[in-house]
Amino acid sequence: MTRTVIRGGLVVTAAEETEADVLVEGEKVVALAATGSSAAEAWTADTVIDATGHYVIPGGVDVHTHMQMPFGGTTAADTFETGTRAAAWGGTTTIVDFAIQSVGSSLREGLDAWHAKAEGVCAVDYGFHMILSDVTESSLKEMDALVGEGVTSFKMFMAYPGVFYSDDGRILRAMQRGAANGGLIMMHAENGIAIDVLVEQALAAGRTDPRYHGEVRRELLEAEATHRAVKLAQVAGAPLYVVHVSAASAVAELAAARRQGLPVFGETCPQYLFLSTDNLAEPDFEGAKYVCSTPLRPREHQAELWKGLRTGDLQVVSTDHCPFCFSGQKEMGRGDFSRIPNGLPGVENRMDLLHQAVVDGHLTRRRWIDIACATPARMFGLYPRKGTIAPGADADLVVYDPAAVQTLSAATHHMNVDYSAYEGRQVTGRSRTVLSRGTVVLDDGRWLGRAGHGRYQPRATCQYLG
Ligand code: DUC
Ligand code: ZN
Ligand code: ZN
């Protein structure tokens with residue numbers, strides 16, 4: 001079996017920081033030992049990777065991506081091949097993407113279709129959640145089977161009437177089923193019925209620019225839906241994971257529920273931490289680049305999101321990576337913001353933006369790894385195979401240069417999209433060497449990976465409560 005040793009780095013996990021060498025055999029981490037210790041010195045290896053002056057961190061775990069997602073009359077621009085490659089460039093070695101149940105179809109048909117898209121083309125490992133669009137007796141039964149085969153989380157929408165929307169009764173039924181079979185309900189918490197009224201009124205009044213997307217998707221309607229989701233989960237006796245939290249008042253709802261001891265969890269995304277309604281208001285339709293749902297909020301919300309991440313009221317930062325090109329895709333909504341496909345690119349940028357947050361003093365290094373690697377892995381049944389560096393874990397490792405300075409740009413990124421939401425932003429930190437299950441896929445700006453190396457990861461049920 002091939003042996004690789006990574007020498008001289010600062011190993012950072014959610015739990016600790018130690019100057020240690022890491023021994024990899026085949027696809028697994030087999031040992032850690034203090035750098036310079038006789039144990040570490042005695043290791044022989046086929047490959048030695050020098051990590052002096054670098055961090056050695058677990059590969060990022062992004063539990064919210066939409067590769068190739070058909071949405072808003074078009075399809076997200078990254079395939080599983082391009083999207084997982086871009087993820088690896090940015091130090092993310094596992095994604096969990098959303099398979100979709102279409103209305104009138106079974107969960108099985110949706111899951112099979114997503115397996116077919118991803119099979120044999122991914123650069124790094126991947127798993128699936130399932131979007132429940134049609135809660136019926138038979139799809140509730142199917143949930144049990146999916147949990148059994150490693151699809152252990154189900155996204156539901158309180159938004160998008162006529163597309164993915166579920167009413168409160170359907171949500172309650174799915175939560176009850178999840179409480180029984182271990183499936184975790186992930187909620188898109190926005191009151192879509194009310195939002196659709198405001199959209200109609202805004203368009204009728206001639207308010208058609210991208211910034212009105214942010215105005216009609218009112219903060220109150222995110223907070224209200226979050227509150228309702230919490231109460232429905234409480235009635236069902238189920239845990240709840242709220243995706244892409246963007247509003248300060250929604251964080252407050254989660255914090256209040258957690259103070260009551262409820263098993264309620266929240267995720268936010270880099271776009272809500274680094275961007276704002278100022279971007280949505282950019283002239284010449286440029287604001288369309290920042291249209292996603294939940295929407296970007298006024299800048300003041302950012303402080304509450306950072307606070308939530310520090311206090312533990314928010315547990316995860318994922319990307320909601322759902323890229324649409326400006327040219328030909330975002331442009332579908334010129335003259336009508338409601339036709340702009342919702343979604344932002346970001347799978348390549350998450351680890352670096354969050355490292356910048358460490359540099360800026362928002363997060364500690366360990367909290368960076370916690371919210372980007374360890375907790376998402378635990379929450380979605382991948383831990384300790386993913387999300388940490390320990391004997392027995394997959395050797396998904398990043399040698400991270402904390403001093404490298406880079407400028408984020410569409411001209412240099414690897415996502416299959418014609419703009420960057422962070423164009424021109426300078427960040428400190430960069431993934432130098434990336435290993436996926438022991439194989440070096442990226443080294444010093446050279447791509448060494450291959451489509452098909454990435455493997456499907458069946459997941460256990462949520463480990464966060466235990
Ligand atoms: N929000 C987005 O912005 N894109 C994909 C789906 C979603 O809920
Ligand atoms: Zn969503
Ligand atoms: Zn999403």
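1. Ground rules. Since this is a prediction, local features need pLDDT of at least 70 and side-chain atom pairs count only at pLDDT 80 or more, while totals for chains, interfaces and linings use all residues. Residues are numbered from 1 along each chain as its sequence is written, chains are lettered from A and ligands numbered from 1 in the order written, and side-chain values use heavy atoms, with hydrogens and water left out.

2. Zinc first. H64 (NE2), H66 (NE2) and D320 (OD) coordinate the zinc ion (ligand 3) at 2.0 to 2.2 Å; donors here are N, O and S atoms within 2.8 Å of the metal (3.2 Å for Na, K and Ca), and with water absent from the atoms, sites may look incomplete. Along the chain, the spacing reads H-x1-H-x253-D. The zinc ion (ligand 2) sits 3.8 Å from the zinc ion (ligand 3).

3. Ligand 1, surroundings. There are 13 residues around ligand 1, with K155, H188, C292, S293 and N342 the closest (near means a heavy atom within 4 Å). By class, that shell holds 5 nonpolar, 6 polar and 2 charged residues.

4. Ligand 1, contacts. A ligand nitrogen is 2.6 Å from a backbone N or O atom of S293. On the H188 side chain, an N or O atom lies 3.0 Å from an oxygen of ligand 1. N342 has a polar backbone atom 2.9 Å from a nitrogen of ligand 1.

Terms used. A polar contact is a pair of N or O atoms within 3.5 Å; within protein, one must be able to donate a hydrogen and the other to accept it, and residues adjacent in sequence count only if both atoms are side-chain atoms. Ala, Val, Leu, Ile, Met, Phe, Trp, Tyr, Cys and Pro count as nonpolar, Asp, Glu, Lys and Arg as charged, and the others, Gly among them, as polar.
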